[in-house]
Number of protein chains: 2
Amino acid sequence: MIEGHGDDLYKYTRPIVANFSSNVYANADLSGLKAHLRHCLDHIGSYPEPEPYTLEARLASLYRLRANEVCVTNGATEAIYLIAQTFRPARAYILQPTFSEYADACRMHGHIVSALYSLPGEREGFLLPDDADLLWLCNPNNPTGSVVDKVWLEEVIRYNPRVCIVIDQSYESFTLRPLFTPAEGVNYPNVLLLHSMTKRYAIPGLRLGYVTGNEGLLSRLRLNRMPWSVNLLAIEAGLFLTGQEAFLYHAETISCLEEARWLAGALRALGGLEVWPTETHFMLVHLRMGGRASALKDYLAEKYGFLIRDASNFDGLDERFFRIATRGHEENRLLVNAIGCWLKEE
Amino acid sequence: MIEGHGDDLYKYTRPIVANFSSNVYANADLSGLKAHLRHCLDHIGSYPEPEPYTLEARLASLYRLRANEVCVTNGATEAIYLIAQTFRPARAYILQPTFSEYADACRMHGHIVSALYSLPGEREGFLLPDDADLLWLCNPNNPTGSVVDKVWLEEVIRYNPRVCIVIDQSYESFTLRPLFTPAEGVNYPNVLLLHSMTKRYAIPGLRLGYVTGNEGLLSRLRLNRMPWSVNLLAIEAGLFLTGQEAFLYHAETISCLEEARWLAGALRALGGLEVWPTETHFMLVHLRMGGRASALKDYLAEKYGFLIRDASNFDGLDERFFRIATRGHEENRLLVNAIGCWLKEE
């Protein structure tokens with residue numbers, strides 16, 4: 001396990017009043033869920049299902065899949081480690097820069113890990129390196145916010161049938177670009193889609209994610225999982241949230257992306273910052289004029305109680321990168337002002 | 001993952017009114033904990049610590065250990081799988097019959113697994129088989145309720161310094177026989193002690209356990225663990241429970257063992273049952289006159305709403321074994337009557 005993820009508010013003595021450092025959705029209304037979980041606390045004296053069958057069946061029915069095409073996990077993180085464990089030892093390629101857990105999980109399980117910085121295109125016949133067994137990509141990608149063209153990705157999947165392609169769609173609710181639906185994913189023998197309830201519903205404390213994919217791949221994962229990995233309250237939360245009419249449609253996507261566009265524009269207007277184009281609600285920013293992201297992070301936390309993500313530990317990025325996730329408009333405005341002050345002082 | 005553990009109440013349509021099938025303590029008062037967790041629900045929007053540092057430090061301080069001599073896990077189950085993963089590939093011996101997860105975890109991680117039916121004694125120089133890398137034992141043992149003599153175990157540990165000895169003390173709060181304290185355990189370079197908050201506090205829904213052992217062994221485990229495996233509410237529960245004065249002393253042990261003695265006696269008095277001697281609050285029972293434990297289990301569930309554990313899938317046991325955990329006196333009395341009725345009908 002490495003250190004240096006976002007959401008590390010416990011490191012600061014001053015209370016964090018606005019957390020831009022993790023990509024969980026800031027404006028989720030959790031009141032209904034919390035009221036439900038208050039009742040569920042009466043059941044903590046019972047074991048959860050050894051594997052979350054009931055929630056898997058519910059998700060399958062919503063997505064029109066078979067129950068064994070869904071595997072519910074202890075956060076998407078368990079899915080990542082389970083996939084790395086199941087396919088070991090392999091030659092794994094990772095589309096970088098991206099979330100560091102894919103490489104960590106692969107190294108822990110003895111894979112040989114290499115970075116790819118772009119997918120093979122038409123000129124390369126869409127062919128991945130000859131020795132590839134596994135390809136990991138995050139789509140929309142953390143930390144860049146970019147989305148791979150769906151048609152391109154389909155070609156890569158089709159031309160590399162021997163490669164298991166893991167697509168982490170944890171941020172799928174926060175983009176308008178076309179992505180694979182679970183029902184499309186299961187048609188490929190070599191695709192696993194990762195999904196996160198954490199990001200969509202802002203419940204990282206509970207730990208709840210799931211994998212969809214064809215039965216053959218998922219039965220291999222199931223052989224490698226431990227029982228009771230998903231706690232009872234996470235399962236109950238999943239059953240509650242999937243029971244809401246809005247589960248398949250995220251009404252807030254558009255307003256959230258509009259706010260991200262405003263935030264990117266306001267940061268660019270400060271001068272001295274290169275804001276990478278994003279297709280989702282978070283964005284990667286480069287300190288063009290120098291200075292270190294870690295210094296900015298400490299300044300914002302200590303002076304304002306704002307937490308951002310120092311992105312210098314992502315493969316391929318340097319100490320001048322940071323990532324911020326969109327919050328409400330007023331908080332975003334205050335963050336822009338605070339960053340502006342730091343830029344002036346530097 | 002195999003099927004067939006206890007606590008499978010979801011399999012029956014009739015509500016289970018008394019669950020004797022899992023070894024969690026039946027009479028725990030969870031009201032204070034639940035009230036605390038109701039407040040903690042407000043924090044599910046934050047990530048838990050990537051590794052539960054704060055709770056590890058708390059446990060270390062209570063046991064007078066260093067913080068890196070404690071590793072908090074997603075139930076004791078995560079500890080079992082983490083140990084199997086860390087020491088792979090190995091030649092693993094398991095003291096049978098016992099909890100099936102040790103063998104499952106070892107097989108999943110490619111160990112060669114063999115059964116031992118007793119520990120080597122003085123005549124064998126306390127020596128384990130030459131090729132042993134790992135030894136797993138449960139103490140008090142599930143499902144037999146037996147406890148290994150502490151002095152004997154010390155000899156086995158001392159004479160086999162090359163073997164990592166994993167002692168699952170999940171039921172340590174429910175026996176009066178001497179066991180290793182965490183402070184004693186860390187003095188051995190080759191001992192890992194597993195502990196369960198689930199069993200002691202009856203909170204299997206939350207998933208909370210921990211390992212204690214010397215720094216060297218635990219640092220190897222830490223290299224193999226995924227981040228955020230323990231959810232935020234489990235961590236909060238651990239902080240709450242370890243903050244209670246009673247944490248280091250389980251006042252109910254004696255009454256619970258007295259009730260177990262009454263239950264064993266009443267079952268023996270029915271005739272036709274062999275009740276194994278137990279040193280803890282659960283017991284293994286053999287249908288001496290024939291009949292199948294699975295038939296008794298279905299009868300009790302469907303006719304009375306009582307759930308027992310069919311123990312026929314433990315290594316070395318047959319289809320006539322079942323396990324029951326002590327509950328309150330009135331429930332125990334009703335269970336004895338119900339089993340008596342089944343024996344008469346058979």
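In which loop of chain B is B:Pro143 found? Before I answer, a word on what we are looking at: this is a predicted model, in which local features need pLDDT of at least 70 and side-chain atom pairs count only at pLDDT 80 or more, while totals for chains, interfaces and linings use all residues. Residues are numbered from 1 along each chain as its sequence is written, and chains are lettered from A, with ligands numbered from 1, in the order in which they are written.

To come back to the question, B:Pro143 sits in the loop between strand 5 and helix 5 of chain B, where helices (H or I, at least four residues) and strands (E, at least two) are DSSP runs numbered from the N terminus.

Let me turn to how chain A is divided. Domain 1 covers 9-27 + 252-345 and domain 2 covers 31-248, with bounds that come from an automatic or database domain assignment. The C-alpha centres of these two domains of chain A lie 27 Å apart, and their contact takes 22 residues from domain 1 and 24 residues from domain 2, where two residues are in contact if their C-beta atoms, placed from the backbone, lie within 7 Å. On the domain 1 side, helix 10 (253-270) and strand 10 (282-287) of chain A each supply at least two residues.

The axes of helix 1 (residues 31-40) and helix 9 (residues 232-242) of chain A come within 10 Å and cross at roughly 135°; axes here are lines fitted to C-alpha atoms, for helices over the stretch in contact, and angles run from 0 to 180 degrees between N-to-C directions. The two helices of chain A are therefore oblique to each other, given that angles under 35 degrees count as roughly parallel, over 145 as roughly antiparallel, 65 to 115 as roughly perpendicular and the rest as oblique. In this pair, A:Leu33, A:His36, A:Leu37 and A:Cys40 of helix 1 meet A:Leu233, A:Glu236, A:Ala237, A:Phe240 and A:Leu241 of helix 9.

Finally, the two chains together. Their contact takes 43 residues from chain B and 43 residues from chain A, and on the chain B side the elements that give two or more residues are helix 1 (31-40), helix 3 (75-86) and helix 9 (232-242). The largest share of that side, four residues, comes from helix 3 of chain B.

How are the two copies related? A rotation of 180° with 0.0 Å of shift along its axis superposes chain B on chain A, with an RMSD of 0.0 Å, the copies being superposed by least squares on the C-alpha atoms of residues with pLDDT of at least 70 in both. The two copies are thus related as by a two-fold rotation axis. In chain B, the C-alpha nearest that axis belongs to B:Arg38, 2.9 Å from it, and the same surface serves both copies, since 100% of the contact residues of chain B recur in chain A.
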